[in-house]
Amino acid sequence: MNGVRDRIAEALGAAMESMGLEIDPSLFVVERPARIEHGEFSTNVAMVAAKRLGVSPRSLAEKICGYLNENPIRHQERLEIAGPGFINFFLNCGYLHEELAQAVLKGEDSFALSGVGGGERVLLEFCSANPTGPLHVGNGWWASYGDALARLLRRCGYAVSTEYYVNDTGGQIRRLGESLLARRAGREVEEEGYQGDYVKELAAEYSGPEDVVAAGKWAAERNLKTIKISLDKLGIHFDVWFSQASIEESGAVEEILDLLDSKGLIAEEDSKKIFLSTRFGDSRDRYLVKAEGDFTYLAGDIAYHYNKFVVRGFQRVIDIFGADHHGQVASLKAAMDAVGVGSEKLEILLGQMVSLLSGSDRLKFSKRKGNLIPLEDLVDDLGPAATRLLSLSTSIDRATSVDLDKVKAESMDNPVYYIQYAHARMASIERVKDQRGIILPAISEVDLSLLVHPRELALMRELMSLPEVVEEAGLDRAPYKIANWLKDFSGLFHSFYHDCYVISDAVEIELTYARLYLVAGCKVAIRVALSLLGVEALEQM
RNA sequence: GCCCUCGUAGCUCAGGGGAUAGAGCAUCGGCCUCCGGAGCCGUGUGCGCAGGUUCGAAUCCUGCCGAGGGCGCCA
């Protein structure tokens, strides 16, 4: 990274040093002011440092500006001291032309590529909905988020493997088997069973033994296939599908129990075994072995996470859970500390609940009654791009409400079309260029300094911010920041497109050349961003 | 009762120490002689309440109010 901001930060450091002062770069910021009247960049360094030095911010700012005026950075036009002590940098737009050329030359493979992850091996687990039925809108909501996060982390230099944990054992599988057998026998499914129509359909096909576990496993496998098809429609593919049963059958759970026991962290109560998790900050101790001798879900989950870290050697594990699984967080983290992995290497992101509305009515759904809306139906209605962007537009920390009627009725107004249309327009300009036989000279032969229209400047500023946005979104585990950048960027492109013709008899050919490179740079950026969200870039709508 | 997350415009949401708090939708009104009108331009008396920290708080801390989720030998 040697962007303008870094150059400004370095220059500020040098200015401080010239006065015999040192300042930690993490204490001050170089940022783009909300208003362009405040310059291209501004810094609070004088305000931050003055407090520590016991001098007035403005007088320190004046000294810093004195140094910077003697030793200006490239493209520096003038400086200004404003408000309580901000130093505002006014640069000539040459720096934007340089950044544009960089974006074009780097291309899709290298632009906005960050090494901040340092090759760290990350296991990202998400979705992991139980295979007791089709994926519905609720439990599949954050799947696009997880998939986009994986893409984002890879762009930031992490070595990411994605994983779906298949809960293919335990009480719910037995219950699924019971429901299946009941349907096959023509009986009603009991209150606690699964009553959705899909159970009837599966029952009609099941020819296996009258055994709840066998029937349950068979149905779970079928459900998993359905889930994979739904995810496939959304463009989501996992590197690994990890079976919970395989962990239990491998003896790994017993090993974990022994390990915890050897550290004196297991209490016994009759035939039950309890993990003393309160010693690691949990609010209560947790059962690992039930009275009948079965393992609890937590026991398997601890073994599973131990497998991720110790057996498979991942340096960091990120789990995306629904907020209704928040109760596991403290126990799992306690367990990671207990087995010596270190809970700080386990990041658990909680996706808040989605409530579905129909008009102003909140829809009440019940898994038991099976009246949930399949995710696949939504994808069929909206298409994968619009469906993905729907959940990718908001922070995972926020409980969102989605009005299905509105979303379907306004599907043409979905922001994804606004973004894809911007890309289609870029592609269209290039088609027109080819149709008219315009031969674009090499970028080194083109005068990019002709790009001075306010629309062009605004577009280039947004363009050059993508590398920072990608890095920030990666570090914050926040792919929605990419979605927000895309919306802003697309808006600026549409404005440019409207006000600045690229190819026209009224436009000088040299300006056409420069604008064609602007479009090329924009296309690189928007394609990178769309690929991070897993949304297709359309050549035409 | 305890724990987690969240209260920003009519609605859905950004902004998460920085200068005059933004976008989409909805409303009302403008814009097609040229690269695609799925577009552009205009239209907005809003940070739940009260304290605190700070040069500076929508942002951090505390309390209160409100919403969602959790507090199983379910998974």
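At what angle do helix 9 and helix 14 pack, and how far apart are their axes? In this predicted model, helix 9 (residues 212–233) and helix 14 (residues 375–382) pack at an angle of about 25°, and their axes lie 9 Å apart. Axes here are lines fitted to C-alpha atoms, for helices over the stretch in contact, and angles run from 0 to 180 degrees between N-to-C directions. Helix 9 is therefore roughly parallel to helix 14, since angles under 35 degrees count as roughly parallel, over 145 as roughly antiparallel, 65 to 115 as roughly perpendicular and the rest as oblique. On the helix 9 side the contact (heavy atoms within 4.5 Å) is made by Ile229, Ser230 and Lys233, and on the helix 14 side by Glu376, Val379 and Asp380. Helix 9 passes helix 14 in a left-handed crossing; a crossing is left-handed if the near helix is turned anticlockwise from the far one by less than a right angle, and right-handed if clockwise.

Now for some ground rules. Residues are numbered from 1 along each chain as its sequence is written, and chains are lettered from A and ligands numbered from 1 in the order in which they are written. Local features need pLDDT of at least 70, side-chain atom pairs count only at pLDDT 80 or more, totals for chains, interfaces and linings use all residues, and side-chain values use heavy atoms, with hydrogens and water left out.

How confident is the predictor about chain A? The mean pLDDT (confidence in each residue, from 0 to 100) is 93, with 97% of residues at 70 or more. Strand 14 (residues 361–362) has the lowest confidence, a mean of 67, while strand 5 (residues 121–125) has the highest, at 98.

Zooming out, chain A holds 20 helices and 15 strands. These are DSSP runs numbered from the N terminus, with helices being H or I of at least four residues and strands E of at least two. The C-alpha trace spans about 85 × 60 × 45 Å along its principal axes. Of the 541 residues, 52% are buried, meaning under 20% relative accessible area, with exposed being over 50% and partly exposed in between (1.4 Å probe, protein chains only). Among contacts with a separation of 6 or more, 73% join residues 24 or more positions apart.

Helix 2 (residues 45–53) and helix 3 (residues 57–70) make another pair, packing at about 120° with axes 8 Å apart. These two helices are therefore oblique to each other, and helix 2 passes helix 3 in a right-handed crossing. Residues from helix 2, including Met47 and Leu53, meet Pro57, Leu60, Ala61 and Ile64 in helix 3.

Helix 13 (residues 327–338) has several buried residues, among them Val329, Leu332 and Met336. Their cover includes helix 11, helix 12 and strand 12. After helix 13 comes Gly340, with a positive phi near 90°.

Leu152, in helix 6 (residues 143–155), is buried, with a relative accessible area of 1%. Its C-alpha atom is 8.6 Å from that of Glu471, 319 residues away along the chain. Beyond four places in sequence, Leu152 touches residues including Val470, Ile482 and Leu532. Ser179, in helix 7 (residues 171–184), is buried too, at 2%, and its side chain reaches the backbone nitrogen of Tyr194 at 2.9 Å.

Key. Polar contact = N/O pair within 3.5 Å; in protein donor to acceptor, adjacent residues only side chain to side chain.
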